[in-house]
Amino acid sequence: MRQVLHIFKKDVRCFRYEILVILAMTALFAFLGAHSQPAVTQYSRGVDELNVLYHLFLPLGWWYLIAAVIHEEALPGHQQFWLTRPYARTSLLGAKLLFIVAFVNLPVLLADCVIISTQGFPASSYLPNLLCRQILFSGLWLLPLVALATVTNKLRQFFTALLTTAVLYFILLYAFGMGTLFYWGRAAWIANSLFILILGTAALVILPLQYAKRRTTLGWGIAICAVVLAMIVPALLPPAAVYGFQLALSKSSTEQSSVHIVLDGTRERTRTSMTDTVRGAAEIDVPLEVTGVPKGAELLSDYVGVTMESADGHRWQDVGRTMLYRTKGLYWLKVHVRDAVFEQQKNNPVTLRTITYLTLLGDRKSSRLEAQAKSATVPGLGLCSALVTRQRDWSIICRSPFRDSSLFALDSFLGSESSDDTLSLPQGGSYSPYLAESGISPLVATFQGSMTVTDPSLKAVNISTEAALGHFRCDFEIHDIHLADHLVQ
């Protein structure tokens, strides 16, 4: 321990100016987070936009300090002067980790406390959340970068590898539809956990390997494989498998036999109020008759996969976002069929077979939110604010510390508490079992919305929330349906 403290004190003296800069940057992070909203909308103030932009630059400061202190006793190569010193490798590793904890983890922990306390959430009430956030923060934002620093010996090499990784991540994010680590809604926590687990495990293998044997080539191989796997494996997880895993973990599942879904052949063809255009695909809305749903509850479709089969046995998969939704108290199945397939089969009888994972929502509660008033507490959702412009544009945003709420907020939150006469698409909601998420800020936007209200007398809104009562799978089939009869014009 004496040698650990000796190396630690030497690093503090060597990097005292860099430490002061990082502490100042973290203090600014605390100030901006304490005085801004956690999300940017068209009604955001300048401090809100600056806060979000600052989150892109702050990690660069952390990573610079980490790389600099690791490179002070660089591990790759055989010509370093420090190799002649009587350093125990475990003491060297311990000193570097102590340095990172002291000047990155602890300042961020204090900044988190300042941010949530100023925003109206006493830090003393969220000690388990603070601990969980530090674990996720270290596993995603720090530990993999420490491992990268041990296989590089110059800052240029470190940041070149980091930039290459970032470019690869954004290519997969935008070109191949890979999920983002900043979204933890529904079952997204499963893919995010896998991403963090792969990188964190690789880092825990590389660190002792490098400090014990300085096997840099092997370390690079592990790092490259880990990055590729962390980016590809979560992106390739089939949604049905993700929600199947979520269902298996659920302690309060709903029996499938209680809910039945069939085609509603009595409903007249009508133009629905929900459109979701997909380029190169026809949009089909099929009326459904749903029975067995408890009174006062509704169904939320987590995942619906549709296979269309013609009379001669040919099969096609749906494209775009398939969903089961409710409007005006009636349920619909929205399917997108490629234009070429639709033109070929539109007047022929086809069969739709689904794989459907649903969540039962209920226990609806409503909270009144006065316009232009101070933030009001919506139980389970967080602190919510309503801003109204002279043009009667309403902007609603709710925030909560550390994680998204497990509650769902109704998109039709204006006016009546009942959604039977309006489009009901619950927003938000997370099934994550964790007490925190992996974002830079400890403050999370749990719900946000904006709309124009023509009624000048409206001075308040109702935000309705619903809880997930259970998850279940309820596959169903629709036989001999003509696609042209249900085309959304």
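Buried, in these legends, means under 20% relative accessible area. All the views that follow come from a predicted model.

**Figure 1. A salt bridge between K10 and E73 brings us to two buried residues.** The closest N and O atoms of K10 and E73 are 2.3 Å apart. Look for K10 in helix α1, which covers residues 2–14, and for E73 in the loop between α3 and α4 (89–118). The two residues are 63 places apart, and their pair links distant parts of the chain. Both K10 and E73 are buried.

**Figure 2. R186 and D302 meet through their side chains in a salt bridge.** Here the N to O distance is 3.4 Å. R186 sits in the loop between α6 (155–175) and α7 (188–213), while D302 belongs to strand β3, residues 298–310.

**Figure 3. Strands β3 and β7 are tied together by E298 and R364.** The side chains of these two residues form a salt bridge with an N to O distance of 3.3 Å. E298 lies in strand β3 and R364 in strand β7 (residues 350–370), so the bridge joins parts that are 66 residues apart in sequence.

**Figure 4. Y126 and F402 form a tilted aromatic pair.** A search of the whole structure finds 14 aromatic pairs. In the pair shown here, the ring centres of Y126 and F402 are 6.0 Å apart and the planes stand at 45°, so the arrangement is tilted. Both partners come from loops: Y126 from the one between α4 and α5 (127–150), and F402 from the one between β10 (393–401) and β11 (407–409). They are 276 residues apart, and the pair links distant parts of the chain. F402 counts as buried, with 2% relative accessibility.

**Figure 5. Y169 and F170 pair edge-to-face.** Their ring centres lie 5.4 Å apart. The planes of Y169 and F170 meet at 80°, and the pair is edge-to-face because that angle is over 60 degrees. Y169 counts as buried, at 13% relative accessibility, while F170 is partly exposed, with a relative accessible area of 44%.

**Figure 6. Ring pairs link four phenylalanines into a cluster.** The members to pick out are F8, F15, F99 and F103.

**Figure 7. Helix α3 holds both N51 and F57.** The helix spans residues 46–71. Which residues does N51 touch, not counting those up to four places away in sequence? The contacts of N51 are L32, G33, S36 and Q37. N51 is buried, with a relative accessible area of 3%. F57, by contrast, is partly exposed at 49%. Together with L53, L56 and L60, F57 forms a nonpolar patch on the surface. The accessible area of this patch is about 400 Å² in total.

Key: Residues numbered from 1 in each chain as written. Predicted model: local features only at pLDDT ≥ 70, side-chain atom pairs only at ≥ 80, totals over all residues. Heavy atoms only, no water. Patch = residues over 30% accessible without salt bridge, like charges linked within 9 Å, V, L, I, M, F, W, Y side chains within 5 Å. Areas by Shrake-Rupley, 256 points an atom, 1.4 Å probe, with all protein chains shown as cover. Salt bridge = Lys/Arg side-chain N within 4 Å of Asp/Glu carboxyl O. Helix = DSSP H or I, 4+ residues; strand = E, 2+ residues; numbered from the N terminus. Buried < 20%, exposed > 50% of the residue type's maximum accessible area, 1.4 Å probe, protein only. Contact = heavy atoms within 4.5 Å. Phe/Tyr/Trp six-rings, centres within 6.5 Å; stacked < 30°, edge-to-face > 60°.
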